[in-house]
Amino acid sequence: MAVTRAEVCVAACADLFAGDGEILASPMGLVPSLGARLARLTSEPDLLLSDGEAYLLTPQGEIEGWLPYRKVFDVVAHGTRHVVMGANQIDKFGNQNISAIGDHRKPSRQLLGFRGAPGNTANHKTSYWIPRHSKRVLVDAVDVVSGVGYDKHAGPFHHIHRVVTNLAVFDFDTPDRRMRLVSVHPDVDIQEVSDQTGFELPEYEEPSITRDPTEQELELIRTVLDPGGKRDREVRV
C-alpha cells in the first residue's frame, strides 16, 4: 500500500523529537501523539510519554511510571519538556492564538483561552501541528498572542522549534527568526503552500521533500500504533 499523507505527517512529527533524549514529550492531537510514540519506538527510546494526568506510559499504553500533576510544573520550569500544540492562528514569527478570533475586547469567536501556552513557550521547546494548512490559520499577525513568538522577548529558554502542517514543515532558522519553509510533503507543490499561507515566506534555502516513513516505521504505524487508520481522518489532502 502506498504511503499516505497522514503517515508522512506522523514521521515528520516523530522527527520533531530528534535528539531530545530523556524529556517529557507532550503531544496534543492524534498525529503528534503517534509521532511521539513512533520516536520512542525508534530513534528516541528515552522519551517519556504521559497520559496527561499522573502516569508515564509505554508506546503501547502500559503504565511504567508515576508523574503527579504538581511535578509537571517542575518539569516545565526546568525546560525538560517538548510540547506539540495546535493553533487556531499562527503567524510568521511563531506567535500562536488559541484564545479568540477578532478584537480581544469583543471577539467574534471565543476559543479555548490562553491555557498553558504562555508558560510552555517561555520555558521549554515548543512545536506546532496544523492539520489544515490555510490562510485562516497561517496569518500575518495573530489576533491574540497565546503562545509567544520570536518577535517578543520571552526569556532565555524560549524555543519555538518547528511547525508541521498537512502540506509542509517549517522552522525559524532565519536571521530575523521568521518562519521559513523547510520541506514540502510528497505530491505537494511549493506554490500550493505559498497560496495557502497568509504571509510571504522568505526565500532562504530551497526546501526539500519531507521524507517518507521507513519500512520499520510504516509497520509500527500500521500494525502497532494506529491499526484502525484514525490518522487518515485527521489529515486533509
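1. A word on terms to start: a residue is called buried when its relative accessible area is under 20%, exposed when the value is over 50%, and partly exposed in between. Please also keep in mind that this is a predicted model.

2. Is Ile63 buried or exposed? Its relative accessible area is 56%, so Ile63 is exposed. The residue sits in strand β4, which covers residues 63-66. Together with Tyr55 and Trp66, Ile63 makes a nonpolar surface patch of about 370 Å².

3. Now for the overall picture. The protein has seven helices and 15 strands. Along the principal axes, its C-alpha atoms fill a box of roughly 45 × 45 × 35 Å. For 237 residues, a compact globule would have a radius of gyration near 18 Å, and the 17 Å of this protein agrees with that.

4. Of the 237 residues, 51% count as buried. The protein exposes about 11800 Å², and carbon and sulfur atoms supply 50% of that area. Among contacts between residues at least 6 apart in sequence, 66% join residues at least 24 apart.

5. Helix α1 deserves a look of its own. Why can α1 be called largely enclosed by the rest of the structure? Ten of the eleven residues in this helix, which spans residues 5-15, are buried. Among them are Arg5, Glu7, Cys9 and Cys13. What do the buried residues of α1 pack against? Their partners are the helices α2 (30-41), α6 (215-225) and α7 (231-234), along with the strands β10 (125-130), β12 (159-165) and β13 (168-171).

6. Glu7 leads us on to charge pairs. Side chains of opposite charge can pair when their charged atoms come close. A search of the whole structure finds 13 salt bridges. Glu7 takes part in a network of salt bridges with Arg222, Asp226 and Arg231, and Glu7 is also one of the buried residues of α1.

7. Strand β4 comes back here. Glu64 and Arg40 meet through their side chains in a salt bridge, at 3.0 Å from N to O. The pair links distant parts of the chain, with Glu64 in strand β4 and Arg40 in helix α2, 24 residues apart. Glu64 has 41% relative accessibility and so counts as partly exposed, while Arg40, at 14%, counts as buried.

8. In one, the side chains of Arg105 and Asp103 meet at 2.9 Å, N to O. Arg105 is exposed, at 75% relative accessible area, and Asp103 is partly exposed, at 39%. In the other, Arg211 bridges to Glu217, where the closest N and O atoms are 2.8 Å apart. Arg211 counts as partly exposed because its relative accessibility is 31%, whereas Glu217 has 7% and counts as buried.

9. Last, a polar residue on the inside. Ser183 belongs to strand β14 (residues 180-184), and its relative accessibility is 5%, so Ser183 counts as buried. Which side chain makes a polar contact with the side chain of Ser183? The partner is Thr210, at 2.7 Å. Leaving aside neighbours within four places in sequence, Ser183 is in contact with Thr210 and also with Ala168, Val169, Pro207, Ser208 and Ile209.

Definitions and conventions: Residues are numbered from 1 along each chain as its sequence is written. This is a predicted model: local features need pLDDT of at least 70, side-chain atom pairs count only at pLDDT 80 or more; totals for chains, interfaces and linings use all residues. Side-chain values use heavy atoms; hydrogens and water are left out. Patches are made of residues with over 30% relative accessible area and no salt bridge: like charges are joined within 9 Å, nonpolar side chains (Val, Leu, Ile, Met, Phe, Trp, Tyr) within 5 Å. Accessible areas come from the Shrake-Rupley method with a 1.4 Å probe; for residues, only the protein chains shown count as cover. A salt bridge is a side-chain nitrogen of Lys or Arg within 4 Å of a carboxyl oxygen of Asp or Glu. Helices (H or I, at least four residues) and strands (E, at least two) are DSSP runs, numbered from the N terminus. Buried means under 20% relative accessible area, exposed over 50%, partly exposed in between (1.4 Å probe, protein chains only). A polar contact is a pair of N or O atoms within 3.5 Å; within protein, one must be able to donate a hydrogen and the other to accept it, and residues adjacent in sequence count only if both atoms are side-chain atoms. Contact means heavy atoms within 4.5 Å. The radius of gyration is taken over C-alpha atoms; the globule rule is 2.2 Å times the number of residues to the power 0.38.
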